[in-house]
Amino acid sequence: MSNTIHNCVIIGSGPAGYTAAIYAARANMNPILYTGKEPGGQLMITNDVENYPGYPDGIMGPEMMQDFAKQAERFGTKIIGEMIDKVDFSGPVHKVWSETGEEVHAHSIIIATGASAKWLGLPSEERLMNQGVSACAVCDGFFFRGKDVVVVGGGDTAAEEATYLAKMCPTVHLLVRRDEMRASKIMQERVLRTENLKVHWNTETVEINGEEAVESVTVKNNKSGETSTIQASAFFVAIGHKPNTDIFNPWLDMDDNKYLKTTPGTSYTNVEGVFASGDAQDHVYRQAVTAAGTGCMAALDAERYLAAKGII
Ligand code: NDP
């Protein structure tokens with residue numbers, strides 16, 4: 001352990017983390033950013049990003065994240081390719097531990113650890129990832145306009161993704177594993193009202209078929225045991241996300257789904273000097289551009305916090 005108390009440690013390397021780093025570095029806060037296990041975050045498993053402003057021809061997710069990292073480094077962010085696996089927010093100086101066991105101290109912490117999509121766990125799902133298998137209709141739906149698609153899940157996310165896709169796809173097949181949906185009543189009504197959205201109740205995915213790209217999906221009715229095949233060009237998994245917030249328990253307030261709670265309109269958590277941004281605190285929008293926006297907010301909040309304390 002060194003005696004240095006850093007001004008700002010950023011945990012996470014998606015759009016929120018890197019944007020926080022760009023702002024913090026330009027404010028002379030000398031930020032240190034820990035990338036975590038998946039440097040670049042969820043965009044590293046996204047092919048074309050077409051909805052991030054400033055890229056009129058689109059950009060590959062990994063390339064965009066490299067650009068974010070370069071921009072953060074240009075202003076002096078120190079990027080460390082390690083995971084933070086323990087924190088202690090009990091004192092005025094915050095402590096975090098990296099996977100190597102190093103103890104790091106900071107006056108302010110910006111959390112940008114993101115969320116991870118849950119997957120079914122089928123080998124064909126992994127094999128056809130980005131070849132029609134996706135966990136984000138808003139990101140990838142556009143590539144399948146005019147084509148039939150399958151969505152799996154019965155919660156609000158699945159309902160939202162399916163109704164979104166129904167605006168651009170002739171038929172959307174929604175696979176629900178029980179005889180009812182978990183989604184809110186209003187979302188369920190929207191699903192049932194949408195004519196080109198066909199709900200398959202009590203239905204599980206057996207296999208996603210296709211050599212180079214998704215061509216069809218084999219499903220099984222778990223009441224009758226009957227299997228059948230649905231022709232589709234894409235398979236959207238919408239069975240929930242898990243925010244990467246385990247290490248912040250019990251220090252930070254979280255909602256029932258373990259998303260970090262922030263004071264509305266700010267990035268403040270319940271602990272002074274600890275700020276949260278990106279998907280770790282947002283289950284509603286979950287876009288690269290909104291994550292970047294909240295990363296910017298966190299850096300500005302941290303800067304004001306440090307200035308008010310006379311630290312910078
Ligand atoms: P949820 O956990 O609410 O729902 C997950 C759904 O996926 C459930 O229907 C579940 O089935 C199903 N599921 C889970 N595992 C499997 C599997 N292996 N195979 C097939 N189906 C599976 O997650 P959501 O992402 O939908 O929502 C998370 C939270 O975010 C919720 O609180 C939701 O209300 C909120 N949200 C709000 C929105 C809004 O307000 N606009 C939009 C999106 C989300 P089962 O029911 O059988 O367990």
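Me: In the loop between which two strands does P250 lie?
Reply: Helices (H or I, at least four residues) and strands (E, at least two) are DSSP runs, numbered from the N terminus. On that basis, the loop holding P250 lies between β18 (241-243) and β19 (274-276).

Me: What is omega of the peptide bond that joins N249 and P250?
Reply: The structure is a predicted model, in which local features need pLDDT of at least 70 and side-chain atom pairs count only at pLDDT 80 or more, while totals for chains, interfaces and linings use all residues. Residues are numbered from 1 along each chain as its sequence is written, and side-chain values use heavy atoms, leaving out hydrogens and water. The bond between N249 and P250 is cis. Its omega is about 5°.

Me: Is N28 buried or exposed?
Reply: N28 is placed in the loop between α1 (15-26) and β2 (32-34). Although not a glycine, N28 has a positive phi of about 60°. Buried means under 20% relative accessible area, exposed over 50%, and partly exposed in between (1.4 Å probe, protein chains only). Because its relative accessibility is 60%, N28 counts as exposed.

Me: What is the relative accessible area of R286?
Reply: R286 occupies the loop between β19 and α7 (288-308). Phi of R286 is positive, near 55°, in a residue other than glycine. R286 is buried, with a relative accessible area of 18%.

Me: Which helix gives the most residues to the shell around the ligand?
Reply: A residue is near a molecule if one of its heavy atoms lies within 4 Å of it. There are 15 residues around the ligand, of which D156, T157, R177, R178 and R182 come nearest. With 3 residues, the element that contributes most to this shell is helix α5 (residues 156-166).

Me: How many of the shell residues are charged?
Reply: Ala, Val, Leu, Ile, Met, Phe, Trp, Tyr, Cys and Pro count as nonpolar, Asp, Glu, Lys and Arg as charged, and the others, Gly among them, as polar. The shell around the ligand comprises 3 nonpolar and 7 polar residues. The number of charged residues is 5.

Me: Which residue of β16 is the bridge partner of V217?
Reply: β15 (residues 216-221) is joined to β14 by 6 bridges, and I208 stands opposite V217 there. β15 also pairs with β16 in the antiparallel sense over 5 bridges. In β16, the bridge partner of V217 is I230.

Me: Which residue takes a positive phi near 80° in the hairpin of β15 and β16?
Reply: In the hairpin of β14 and β15, with 6 residues between the strands, G210 has a positive phi near 140°. The hairpin of β15 and β16 has 5 residues between its strands. The residue there with a positive phi near 80° is G225.

Definitions and conventions:
Pairing = 2+ DSSP bridges.
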